Amino acid sequence: MEIDFLEYKVRNGDTLKSIASRLGMTGEELKLFHNAHCEKLNTIWFENLNEVRSILVPLDFKTEKQKEEERKNILPLSQLSEDFFAKTYTISEAIEGPFEASVNIDYTIELNVHKDKYKNLYILAYSQKDFKSNGNPPDDKMGGLSIACMKSIMPIEFTLSDFGKINGFVNHKKIIKAFADQRKEIEDFYIGEVSQKYLDLFEMNIADEKFFLQQFQSTLLFQTLFPKMDWFHKKASWKESFHFLQNSFPVQCDMIMEQKEEDHDLVLTVLKGQVMESCSSQEIMRGIRLQESHTAIASGNIIVEYTTHKKNKNLLQVKSSISLNHEEELIHHHKITITQG
């Protein structure tokens with residue numbers, strides 16, 4: 001057992017306050033420390049130390065202010081930095097529910113974050129590749145077409161605030177032009193009426209800037225990978241809104257946060273939230289709020305675990321899961337693991 005205190009021999013004129021001041025403590029803090037480590041018969045109750053022969057003092061006492069400073073020094077900064085993200089992450093997603101077949105998706109994403117000093121904002125270049133569904137590359141026509149369409153507009157550039165929030169596209173017109181330039185080549189490979197309709201729909205969707213941005217913002221990937229940086233520094237519970245389904249509306253949750261040091265180099269930050277908004281699971285699944293009163297309020301929870309490096313303060317891994325229930329029955333579960341590659 002590690003000894004974190006020593007026995008101090010009390011001298012004439014010593015008081016709790018005088019001894020404590022030399023240690024950077026208050027008298028009350030010293031009394032509580034001694035009483036927590038001593039035998040019951042040696043408990044101290046008063047400021048004066050009459051008839052007290054010795055007192056247990058800590059070897060490495062830290063005030064609450066010092067502890068808070070140490071905590072800040074091992075956590076990511078409260079504002080975004082270029083070094084927070086790695087260049088490459090591998091992604092593994094699993095989606096299941098009673099109304100849908102279970103799906104496992106694996107892929108790789110590449111990120112490039114830098115600050116535009118002239119515009120005073122961060123630029124994120126995002127691309128994805130190497131898709132596998134249930135362990136295999138997509139071999140169906142529509143899956144291949146979907147990947148080809150997204151690949152044609154990669155990398156996509158987003159703007160981020162100093163606090164990590166994705167605000168919009170750097171150049172939305174550039175995205176539209178990139179697809180237009182490559183559409184003919186995609187059409188030559190994916191022939192047929194169904195493919196033509198999909199290409200028309202994809203072109204229409206990316207032309208709607210607000211809708212296309214929400215398609216990214218409402219994914220579990222983006223909500224997990226791009227946290228608000230102040231999440232790492234929360235001390236009390238707070239409210240946060242999350243999309244439980246892509247393209248549905250955000251649902252407000254009551255959040256709590258806890259942290260622990262995994263080893264000498266890593267810190268684990270765990271966020272836990274429960275749905276507290278008055279809406280039904282059917283509304284969330286449909287993505288439409290109704291005016292009528294709800295007989296069955298949706299219940300659900302979200303858990304996000306961030307592993308960061310104490311010294312480099314960069315993001316090493318994230319695990320998150322979202323569960324949505326209807327009358328205590330699970331109707332949607334989505335989990336994702338993001339690992340620095």
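1. Glutamate 203 is partly exposed, with a relative accessible area of 30%. Its category lies between buried (under 20% relative accessible area) and exposed (over 50%), using a 1.4 Å probe and protein chains only. The model is predicted: local features need pLDDT of at least 70, side-chain atom pairs count only at pLDDT 80 or more, and totals for chains, interfaces and linings use all residues. Residues are numbered from 1 along each chain as its sequence is written, and side-chain values use heavy atoms, with hydrogens and water left out.

2. Arginine 183 pairs with glutamate 203 in a salt bridge, with the closest N and O atoms 2.7 Å apart. The term covers a side-chain nitrogen of Lys or Arg within 4 Å of a carboxyl oxygen of Asp or Glu. This pair links distant parts of the chain: arginine 183 sits in helix 5 (residues 172-189) and glutamate 203 in helix 6 (residues 193-207), 20 residues apart. Helices are DSSP runs (H or I, at least four residues), numbered from the N terminus. Arginine 183 is buried, at 9% relative accessible area.

3. Helix 6 also holds glutamate 193 and lysine 197, four residues apart, about one turn of the helix. They form a salt bridge, with the closest N and O atoms 3.4 Å apart. Both residues are exposed. Elsewhere, salt bridges that share partners join Arg183, Glu187, Asp200 and Glu203 into one network.

4. Glutamate 7 and lysine 9 meet through their side chains in a salt bridge of 3.7 Å, N to O. Glutamate 7 is partly exposed at 46% relative accessible area. Lysine 9 is exposed at 55%.

5. The structure holds 16 salt bridges.

Note on methods:
Helices (H or I, at least four residues) and strands (E, at least two) are DSSP runs, numbered from the N terminus.
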